[in-house]
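Subject: Structure for you, with notes

Hello,

Here is the structure I promised to send over. My notes follow below it.

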Amino acid sequence: MITGTSAPRLRGSVSVGRPQWVRSAVHHLQVYLLMWVWLWAIVVVGAALAIAVVDRVGTVNVSMVQFVRTGPLVWFLFSIAVIVATTYLTAHVANGMTRRSFLTGGLVAAVSSSVLHAVTAAGLLLLEGVLYDRMGWQHDAEPGEEYTAGVWESGLGTLLVDHALLALSGTLTGLLVGITYYRLGGWWGTLALPLTISPILAVMFLTSWTEAPFVPFDAPGWSAYLVGAVLVLAAGLAFALLVRRVPIARTES
């Protein structure tokens, strides 16, 4: 039971024109899209400045955009999802909507925003490759004279799958970690971290820096993506199971 009046009112929460899960997805997407604009504006400006500086003092022979792959694309999305999972649920239920609509809308928004980030990252990498080709630069995955192929050399399909899997692992693992802390509290949430954060770490291991996929054993390359997809699905399922009967935190007036 919610007491007090401090829970923020969600715009459109009393509207009956759309299903609750759609309104929930819209509210989630508003956060994710704002962060998408903010993140990629910084990435574009940062990559352009880095290329300009390197071109002035040395030789451009390594991709700059690629570095978004294991930083912002994963851990930035992870942090945003943790915040969404821990702060939005109470306000959502306080405004008369159900846990199920929070769950459905949250997952729809998480998957949609992850795909958007993956497409954006892949598109910028390909545009960077066109620029490098025009300038006669080497679109390399690692600095140095010897060429090291990056993920983008495996083709557009592999590039999209690789980035989508990374983005999904960041977002869904973030939701799982956030709802675990919300439901179990600080101590148990922290003790559960080795388990709840494992999907994102495993996917990052399976999709290495210079090669995608990275298969540490004698197995076909697609098996790394299959294992990663199973782990991401498990994170989403665990999030769903925790949300369905989660006690709602009280708010103070």
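Arg69 and Asp162 form a salt bridge, with their closest N and O atoms 2.7 Å apart. This is a predicted model, so please read the distances that way. A search of the whole structure turns up one salt bridge. Arg69 sits in the loop between helix 1 (20–57) and helix 2 (72–94), and Asp162 sits in helix 4 (residues 156–191), so the pair ties together parts that are 93 residues apart in sequence. Are the two partners buried or exposed? Arg69 is buried, at 4% relative accessible area. Asp162 is buried too, at 0%. As background, side chains of opposite charge can pair when their charged atoms come close.

Now the overall fold. The protein has seven helices and zero strands. Along the sequence the pattern reads α-α-α-α-α-α-α. Of its 253 residues, 44% count as buried. Take the contacts in the protein with a separation of 6 or more: 77% of them come from residues 24 or more positions apart. The accessible surface is about 13,000 Å², and carbon and sulfur atoms hold 69% of that.

Next, the inside. The largest nonpolar core has 44 residues. Which of them touch the most other members? They are Tyr32, Trp40, Leu89, Leu175 and Phe239. Six helices each supply at least two residues of this core: helix 1, helix 2, helix 3 (99–135), helix 4, helix 6 (198–206) and helix 7 (222–244). Helix 2 gives the most, with 12 residues. In general, nonpolar side chains tend to be buried together in soluble globular proteins.

Trp40 is worth a look on screen. Leaving aside residues up to four places away in sequence, Trp40 touches Val68, Leu73, His117, Thr120, Ala121 and Leu124.

Helix 7 comes next. It has 23 residues and reaches 33 Å from its first C-alpha to its last. That is close to the 33 Å expected at 1.5 Å a residue. The buried residues of helix 7 are Ser223, Ala224, Tyr225, Gly228, Val232, Ala235, Gly236, Phe239, Ala240 and Val243. What do these residues pack against? They pack against helix 3, helix 4 and helix 6. Phe239, listed here as buried, is also one of the core residues that touch the most other members.

With a relative accessible area of 27%, Tyr181 is partly exposed. Not counting residues up to four places away in sequence, Tyr181 touches Gly186, Gly189, Thr190 and Leu193. Its C-alpha is 8.9 Å from that of Ala192, which is 11 residues away along the chain.

Trp187 also lies in helix 4. At 76% relative accessibility, Trp187 counts as exposed, because the cut-off is over 50%. Trp187 belongs to a nonpolar patch on the surface, together with Leu184, Trp188 and Leu191. The four have about 590 Å² of accessible area together.

Best wishes

Conventions: Residues are numbered from 1 along each chain as its sequence is written. This is a predicted model: local features need pLDDT of at least 70, side-chain atom pairs count only at pLDDT 80 or more; totals for chains, interfaces and linings use all residues. Side-chain values use heavy atoms; hydrogens and water are left out. A salt bridge is a side-chain nitrogen of Lys or Arg within 4 Å of a carboxyl oxygen of Asp or Glu. Helices (H or I, at least four residues) and strands (E, at least two) are DSSP runs, numbered from the N terminus. Buried means under 20% relative accessible area, exposed over 50%, partly exposed in between (1.4 Å probe, protein chains only). Contact means heavy atoms within 4.5 Å. A nonpolar core is a set of buried Ala, Val, Leu, Ile, Met, Phe, Trp, Tyr and Cys residues joined through side-chain atoms within 4.5 Å. The expected span of a helix is 1.5 Å times one less than its number of residues. Patches are made of residues with over 30% relative accessible area and no salt bridge: like charges are joined within 9 Å, nonpolar side chains (Val, Leu, Ile, Met, Phe, Trp, Tyr) within 5 Å. Accessible areas come from the Shrake-Rupley method with a 1.4 Å probe; for residues, only the protein chains shown count as cover.
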